[in-house]
2 protein chains.
Amino acid sequence: MKKIGIIGGIGWPSTIEYYRLICEASQQYHQDKVFTGPIPMPEISIESLNLNFTVNNRGSSEPGSWLKWDECFKKAASRLQASGAELIVLASVTPHARLKEISDGISVPFVSIYESIGAHCQDHNIDNVLVLGTMPTMTTLAFKNGVKAFGVNAIYPSTDVLKEQVIEVIEALYQYKTQGTALAIDRIVRACVSDEDLKNTVVCLGCTDLTLAFESSLDKASFDYKGVGYLNASVLHAATVYQACAQ
Amino acid sequence: MKKIGIIGGIGWPSTIEYYRLICEASQQYHQDKVFTGPIPMPEISIESLNLNFTVNNRGSSEPGSWLKWDECFKKAASRLQASGAELIVLASVTPHARLKEISDGISVPFVSIYESIGAHCQDHNIDNVLVLGTMPTMTTLAFKNGVKAFGVNAIYPSTDVLKEQVIEVIEALYQYKTQGTALAIDRIVRACVSDEDLKNTVVCLGCTDLTLAFESSLDKASFDYKGVGYLNASVLHAATVYQACAQ
């Protein structure tokens with residue numbers, strides 16, 4: 001198994017999810033294998049950042065405004081590389097918007113969440129994805145461009161009001177106020193996509209907090225809710241990471 | 001806040017507990033502090049080892065038999081040091097038995113679980129501790145010697161049969177078979193220590209799995225069960241780590 005490097009702390013509950021999903025994937029993988037002693041696990045290095053620093057140093061569209069943020073993530077990637085990581089993963093969707101800048105000059109390959117989602121959609125004949133996530137995810141082209149190579153058309157909530165409604169749900173879930181959030185997401189989805197188009201569209205929960213709304217489906221890569229198909233980006237991503245590690 | 005280094009994966013659920021407890025301690029610490037943005041968190045580096053390798057390379061009383069095991073832990077400590085960790089913690093009681101060998105040549109200080117427990121006992125006038133843990137913990141002098149400096153007398157289950165009973169409970173809990181385990185621990189405790197001596201003795205759960213037997217007290221550093229005082233070694237340890245980090 002290859003050594004995995006995780007850039008985490010963005011936020012910490014999401015890092016726990018990635019670490020747990022990877023370790024459980026190793027348990028699953030070794031279920032019918034022969035070995036002596038405890039279940040083999042990949043070596044994993046985690047660099048858990050200070051979310052207060054990273055969020056307060058987010059840039060804007062101004063040139064050079066992401067300098068401190070980029071440097072913080074690039075240094076974390078360098079430390080993982082120095083610790084022997086053979087593949088690196090960002091344990092959050094949002095920073096993927098700057099994956100190009102973060103991975104610049106790092107020779108260890110990154111496992112991109114866009115590629116996990118794109119490959120899954122390609123395998124399951126999913127052409128259209130409605131992405132719900134944080135503001136940087138829903139307002140930059142990174143996600144759209146990231147899945148385009150797999151023939152997937154990603155759309156975001158079309159108005160500022162709808163985007164704000166997604167953020168409100170994320171903020172409620174961040175405080176573990178789960179009641180009514182699945183229904184709230186369903187309402188946003190139906191305001192974004194017509195019933196006719198929903199037949200050919202899958203909703204991508206592109207923020208770990210959002211998955212808390214669907215408690216019974218927490219560990220599932222995909223599930224249905226009220227007749228609509230959903231993808232859990234973190235579960236898909238962690239599964240891809242373990243596959244890459246076990247190769 | 002100082003950067004924390006965690007040697008983990010021994011096993012992985014215990015690493016999640018340490019990471020979660022440290023992050024929650026930071027949330028608690030910042031509750032009445034003034035800051036902008038998300039709650040500040042310490043930077044944390046984790047080196048998660050392969051439990052299959054570490055357990056299969058445990059040594060014996062034979063000279064030189066711990067060479068591979070020691071090297072694996074020392075290298076992890078070196079990587080944490082290179083990643084900028086300013087204090088290092090072993091996220092498990094068992095490997096503390098070789099803390100001296102692991103920390104040899106590492107200039108970053110280790111926060112020892114023996115010192116966390118010793119200091120807690122000193123502060124709370126606890127003189128006698130019955131230690132329940134894995135076989136290496138209950139058969140070597142490391143724990144006894146580690147708390148002696150704090151005026152604490154540590155005892156282990158006195159017979160092989162009693163020690164085996166502790167291991168049986170740990171193995172059941174490792175598979176999440178929690179039913180009846182609190183009562184089983186109570187029976188072992190009363191077989192180890194007379195009712196008279198129990199008045200002046202506290203039981204130390206010196207293995208993260210054991211704490212699962214007392215579900216309602218999972219996050220408590222100390223609690224009572226059937227009139228006996230218990231200490232949760234991991235919770236005490238994680239609290240000490242955060243205190244050292246925030247200093």
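Student: Where is Val34(A) found?
Tutor: In this predicted model, Val34(A) sits in the loop between α1 (12–29) and β2 of chain A.

Student: How far apart are Val34(A) and Ser78(A) in sequence and in space?
Tutor: They are 44 residues apart in sequence, and their C-alpha atoms are 35 Å apart in space.

Student: What makes chain A as compact as a globular protein of its length?
Tutor: First, its make-up: the secondary structure of chain A comes to eleven helices and eight strands. The globule rule gives 18 Å for 247 residues, and the radius of gyration of chain A is 18 Å, so chain A is as compact as a globular protein of that length. Along the principal axes, its C-alpha atoms fill a box of roughly 50 × 50 × 35 Å.

Student: What share of chain A counts as buried?
Tutor: Of its 247 residues, 46% count as buried, the cut-off being 20 or more other C-beta atoms within 10 Å. As for contacts between residues at least 6 apart in sequence, 72% join residues at least 24 apart.

Student: Which domains does the assignment give for chain A?
Tutor: Domain 1 (4–112 + 238–246) and domain 2 (123–233). The C-alpha centres of domain 1 and domain 2 of chain A lie 22 Å apart. Their contact takes nine residues from domain 1 and twelve residues from domain 2. On the side of domain 1 that touches domain 2, the residues are three nonpolar, five polar and one charged.

Student: What is the order of the strands in the open sheet of six?
Tutor: The order is β3(A)-β1(A)-β2(A)-β2(B)-β1(B)-β3(B), with mixed pairing.

Student: Why is one side of β3 (87–90) of chain A left without a neighbour in the sheet?
Tutor: β3 (87–90) of chain A and β3 (87–90) of chain B stand at the edges with a single partner strand each, so one side of each has no neighbour there. On average, neighbouring strands of this sheet are turned by 15 degrees against each other, direction ignored.

Student: How many bridges join β2 (residues 44–48) of chain A and β2(B)?
Tutor: Five bridges, and the sense is antiparallel. Here Ser48(A) stands opposite Ile44(B) in β2(B).

Student: How many residues does each chain give to the contact?
Tutor: Chain B gives 29 residues and chain A gives 29 residues. On the side of chain B that touches chain A, the elements giving two or more residues are α1 (12–29), β2 (44–48), α2 (51–56) and α3 (67–82) of chain B. The residues of that side divide into 16 nonpolar, nine polar and four charged.

Student: Which residues of helix α5 (residues 113–123) of chain B are buried?
Tutor: They are Ile113(B), Tyr114(B), Ser116(B), Ile117(B), Gly118(B), His120(B) and Cys121(B). The buried residues of α5(B) pack against several elements of chain B, among them β4 (128–133) and α11 (233–246). Just after α5(B), Asn125(B) takes a positive phi of about 50 degrees.

Notes:
Residues numbered from 1 in each chain as written. Chains lettered and ligands numbered in written order. Predicted model: local features only at pLDDT ≥ 70, side-chain atom pairs only at ≥ 80, totals over all residues. Pairing = 2+ DSSP bridges. Helix = DSSP H or I, 4+ residues; strand = E, 2+ residues; numbered from the N terminus. Axes fitted to C-alpha atoms, helices over the stretch in contact; angles between N-to-C directions. Contact = placed C-beta atoms within 7 Å. Nonpolar A, V, L, I, M, F, W, Y, C, P; charged D, E, K, R; others polar. Domains from an automatic or database assignment. Rg over C-alpha atoms; globule rule 2.2 N^0.38 Å. Buried ≥ 20, exposed ≤ 12 C-beta atoms within 10 Å, placed from the backbone.
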